[in-house]
Protein chains: 2
Amino acid sequence: MIDKDKVILIIGLGLIGGSYAKGLKKHGYMVYAISRGQKTIDYALENGIIDQGSIQEDTELIGQADFIIFGLYPHTMIDWIFRNQQYFKPGAVITDVCGVKCGVIDVVQEKLRKDVELIGSHPMAGKEVSGVEHSDDAIFHSANFIITPTKYNTERGISFIRDLANLLGFRHIAVLTPQQHDEMIGYVSQLTHAVAVSLMNANDNAYLKEYTGDSFRDLTRIAKINETLWCELFFLNKQNLVREIDDLIAELENLKQKIEDEDEDGIKQLFIQSTERRKQFDK
Amino acid sequence: MIDKDKVILIIGLGLIGGSYAKGLKKHGYMVYAISRGQKTIDYALENGIIDQGSIQEDTELIGQADFIIFGLYPHTMIDWIFRNQQYFKPGAVITDVCGVKCGVIDVVQEKLRKDVELIGSHPMAGKEVSGVEHSDDAIFHSANFIITPTKYNTERGISFIRDLANLLGFRHIAVLTPQQHDEMIGYVSQLTHAVAVSLMNANDNAYLKEYTGDSFRDLTRIAKINETLWCELFFLNKQNLVREIDDLIAELENLKQKIEDEDEDGIKQLFIQSTERRKQFDK
């Protein structure tokens with residue numbers, strides 16, 4: 001377990017950072033935050049989500065933190081770390097919440113001070129809204145948490161992040177390499193977002209809104225997308241995502257050909273396969 | 001309103017036929033059913049879902065019905081009608097529940113006895129399970145109902161089907177031509193099923209089940225699909241569906257190109273457009 005006398009600093013108090021803070025405060029930890037926007041800090045202080053906060057990159061706050069959790073977008077986090085790493089407490093353990101690992105973790109780990117440690121992690125949770133006022137640590141309880149250690153990590157760092165995930169109540173904790181993580185995420189998350197966006201964009205469909213059922217709503221829910229964050233994530237995982245889109249297009253072409261040929265056996269085989277595979281994903 | 005002394009006959013007492021029966025019985029109507037399988041009929045009689053039932057194509061039951069609702073697959077229904085239309089009561093009004101209209105309604109209307117009337121309709125409701133034991137008229141309450149009249153239909157027929165949909169509590173009733181219906185359904189229903197199936201089939205993904213979040217589950221829920229029914233529906237709407245698949249592939253290629261080019265403005269525009277469009281579909 002993480003000692004109660006340790007100071008945890010959250011950089012970027014948005015939906016995810018705020019949800020971490022709430023979960024940690026419930027367990028009695030000392031939580032500090034640095035975030036843009038006085039309103040965010042005021043709200044978090046007034047609601048007991050944090051103990052101290054600043055809108056400045058306050059070197060004193062930074063220097064007190066035993067653990068730092070970055071709730072920032074990938075490039076913002078990378079820049080932040082290199083701008084402030086001289087203020088980190090020796091021995092500090094840092095983690096992130098980024099949806100892509102290669103291109104983030106490796107860049108930071110290579111140039112990070114050797115007496116502090118970055119351990120990559122990805123809480124696979126979210127909401128369609130943002131901001132600390134929507135934060136809620138209950139979003140973690142049905143979610144997966146992925147840890148992506150590399151040769152730069154120690155047992156101490158890995159066990160901090162494992163304890164953190166357990167404390168916050170994640171449903172399942174998995175360990176992957178950054179490469180495995182990004183391959184997996186290219187398929188289960190980024191491809192699905194690419195599909196939802198393309199489904200909405202393929203057709204000028206406003207007049208159809210009276211006719212849609214749950215299927216269409218389910219498949220396009222995530223087409224409401226934060227363009228800045230997801231643009232970063234897509235570019236950072238370009239190779240994997242492009243390969244997944246190509247595979248999906250090939251599969252759609254395959255299905256289309258069977259429809260055109262009225263290949264009844266062929267189509268039914270595809271339906272039977274998709275049914276069997278999907279059943280394994282039922283909760 | 002439909003007169004309470006009218007007899008309503010349901011042919012095919014599955015999930016949808018059974019849900020119609022339950023809804024009609026709640027309003028005190030006389031409901032008969034013809035369905036394969038003695039268990040289905042017994043269950044429906046024991047649970048008060050129908051007043052009379054038969055596993056035979058019982059000419060006496062058929063001849064008493066003022067209204068007939070077909071809960072059968074498209075080709076099964078077409079064959080059934082032509083095998084039994086000589087027994088229909090003069091003036092009977094018939095409807096269906098098929099997810100495709102052209103290729104079903106036109107085929108039947110052309111050769112149907114002139115003293116009875118088929119009015120096409122599509123209750124856009126369902127569940128991932130089948131059979132009368134899962135039937136539940138509550139599935140209609142959040143669903144759309146589409147009526148597809150043609151030159152063969154009368155005010156009397158249209159008003160029967162409108163009354164039926166109101167009685168069953170559908171959220172929204174719309175009138176479209178069979179062609180408009182099939183174009184719309186090619187996009188909002190069939191394309192989404194084609195996508196869900198292809199997402200599951202594009203990748204041998206069993207090992208990923210610990211890593212999926214709600215997005216992936218939402219986009220693939222309908223990949224569990226009845227292969228016999230959906231094969232019929234896809235073939236009956238081949239032209240529309242193939243065009244929709246082509247449009248989606250073009251949109252995915254467009255997105256992919258922008259990812260490869262790291263065209264930040266281009267990608268963000270796609271995300272902003274999909275977000276705006278999807279917001280209009282929020283309930």
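In this predicted model, the area buried between chain B and chain A is about 8,800 Å², with carbon and sulfur atoms giving 66% of that area; buried area here is the accessible area, taken with a 1.4 Å probe, that two parts lose on being put together, summed over both. The size of an interface is often given as the accessible area lost when the parts come together. Residues are numbered from 1 along each chain as its sequence is written, and chains are lettered from A in the order in which they are written. Local features need pLDDT of at least 70 and side-chain atom pairs count only at pLDDT 80 or more, whereas totals for chains, interfaces and linings use all residues, and side-chain values use heavy atoms, with hydrogens and water left out.

Contact, meaning heavy atoms within 4.5 Å, links 84 residues of chain B with 84 residues of chain A. Between the two chains there are eight salt bridges, each defined as a side-chain nitrogen of Lys or Arg within 4 Å of a carboxyl oxygen of Asp or Glu. A salt bridge is formed by A:D246 and B:K256, whose closest N and O atoms are 2.6 Å apart.

On chain B, the side that touches chain A receives at least two residues from each of several elements, including strand 7 (144-148), strand 8 (172-175), helix 7 (178-201) and helix 10 (238-260); helices (H or I, at least four residues) and strands (E, at least two) are DSSP runs, numbered from the N terminus. Helix 10 of chain B gives the most to this side, with 17 residues.

In chain A, the loop between helix 10 (238-260) and helix 11 (264-279) contains A:E262, which has a positive phi of about 45 degrees although it is not a glycine. A:E262 is partly exposed, with a relative accessible area of 42%, where buried means under 20%, exposed over 50% and partly exposed in between (1.4 Å probe, protein chains only). In chain B, B:E262 lies in the loop between helix 10 and helix 11, has a positive phi near 45 degrees and is partly exposed, with a relative accessible area of 42%.

A search of the whole structure finds zero disulfides over all chains, a disulfide being a pair of cysteine sulfur atoms within 2.5 Å. The sulfur of A:C102 is too far for a bond, because the closest cysteine sulfur, in A:C98, is 12 Å away.
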